[in-house]
Amino acid sequence: MLALDWVSPMADSNRRSLADKVAIVTGGASGIGAGTVRRLVDDGASVLITDLDEERGKALADELGDAASFLRTDVSKEEDISAAMLEVVDLFGGLDILFSNAGFGGALGPIVDTSVDDFDLTFDVLVKSVFLGVKHATPLIAERGGGSIINTASICGLRPGWGPHLYTTAKAAVIAFTQTAALELAESGVRCNAICPGFIATPLAYGRPDASTDQIDKMRNAGANSQPMGRVGEPADIAAMVSFLASEDGSWITGQAITVDGGMNVGPLWGDFPEAFRTSKPIRHHRPPDR
Ligand code: NAI
């Protein structure tokens, strides 16, 4: 058979379909998590929404009907993560996809003013949670023949300057843990990737979990022109990448930190490049004449 005659086993399948798949989304009551819950349910998956915020988590689960349920979970507590695994098996029969996404801004301010308690809390919520997710989800996902774990990192984890010290350090740790975990998990068919979002219009980016729609709209409009693509990101932009990584289309991708940021982390806006780079007028270079 010629190589060109080979047909991928996925060629005829319903691309991106997550029918019969089961997912857990942590931090699923708000922002990126809530957007991803909606996307995964649209793709056909059943989703256990976990979050500290019971009111918003339950409201979203009620809205989505039988395809979704809610469990109050603190991602920094091992007993809560274990309980979420038991709940998802009880409700939906197993687990194929874990989106470890819950997070907050963590400690702010200069290092000399940062307490060890602040350090521990920041790392418990942003890093220990990701470790606990991999630890407890891997056996369940492997039991179903493999699947996908996706961790929310950040462009902050790629380069200092976008966020506070400990948030930046924690998100770099999420990337490193994702990569080393992927190497171990590959043998059991479990893929493990991180997504590095840029500036996404959510309460976290506004700096207040209770930010109103109006406040987020203002931030969205104010931030648009500071983005290479001319708009800030939306939860749906990250949800689309989660959906891709969870699907068969992502079946050969593991150990990656995938940036979804409209170009923000690539470099300065084109308009901020030095004038001489942006116009071809001041100096014209010519090829030397042929000998
Ligand atoms: P958000 O504030 O809208 O949602 C975060 C959710 O996590 C909330 O529902 C909150 O209750 C939940 N949560 C916080 N601590 C928790 C805990 N201990 N246990 C369980 N749930 C907890 O924020 P957003 O923006 O949707 O954040 C989601 C993830 O995306 C976070 O990991 C964040 O660091 C990351 N991120 C966000 C960016 C942005 O610009 N919004 C950029 C890069 C990364």
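I counted 14 salt bridges, taking as a salt bridge a side-chain nitrogen of Lys or Arg within 4 Å of a carboxyl oxygen of Asp or Glu. The model is a predicted one, in which local features need pLDDT of at least 70 and side-chain atom pairs count only at pLDDT 80 or more, while totals for chains, interfaces and linings use all residues. Residues are numbered from 1 along each chain as its sequence is written, and side-chain values use heavy atoms, with hydrogens and water left out.

I looked up Arg38 and Glu63, whose side chains form a salt bridge at 2.6 Å, N to O. Arg38 sits in helix α1 (residues 31–42) and Glu63 in helix α2 (residues 54–64), so this pair ties together parts that are 25 residues apart in sequence; helices here are DSSP runs of H or I with at least four residues, numbered from the N terminus. For accessibility I took buried as under 20% relative accessible area, exposed as over 50% and partly exposed as in between, with a 1.4 Å probe and protein chains only. Arg38 is partly exposed at 35% relative accessibility, whereas Glu63 is exposed at 51%.

I then turned to Arg39, which makes a salt bridge with Asp43, with 3.3 Å between the closest N and O atoms. Arg39 is partly exposed at 23% relative accessibility, whereas Asp43 is buried, with a relative accessible area of 14%.

I noted a further salt bridge between Arg208 and Asp210, where the closest N and O atoms are 3.0 Å apart, and Arg208 is partly exposed, with a relative accessible area of 42%.

How values were computed
Helix = DSSP H or I, 4+ residues; strand = E, 2+ residues; numbered from the N terminus.
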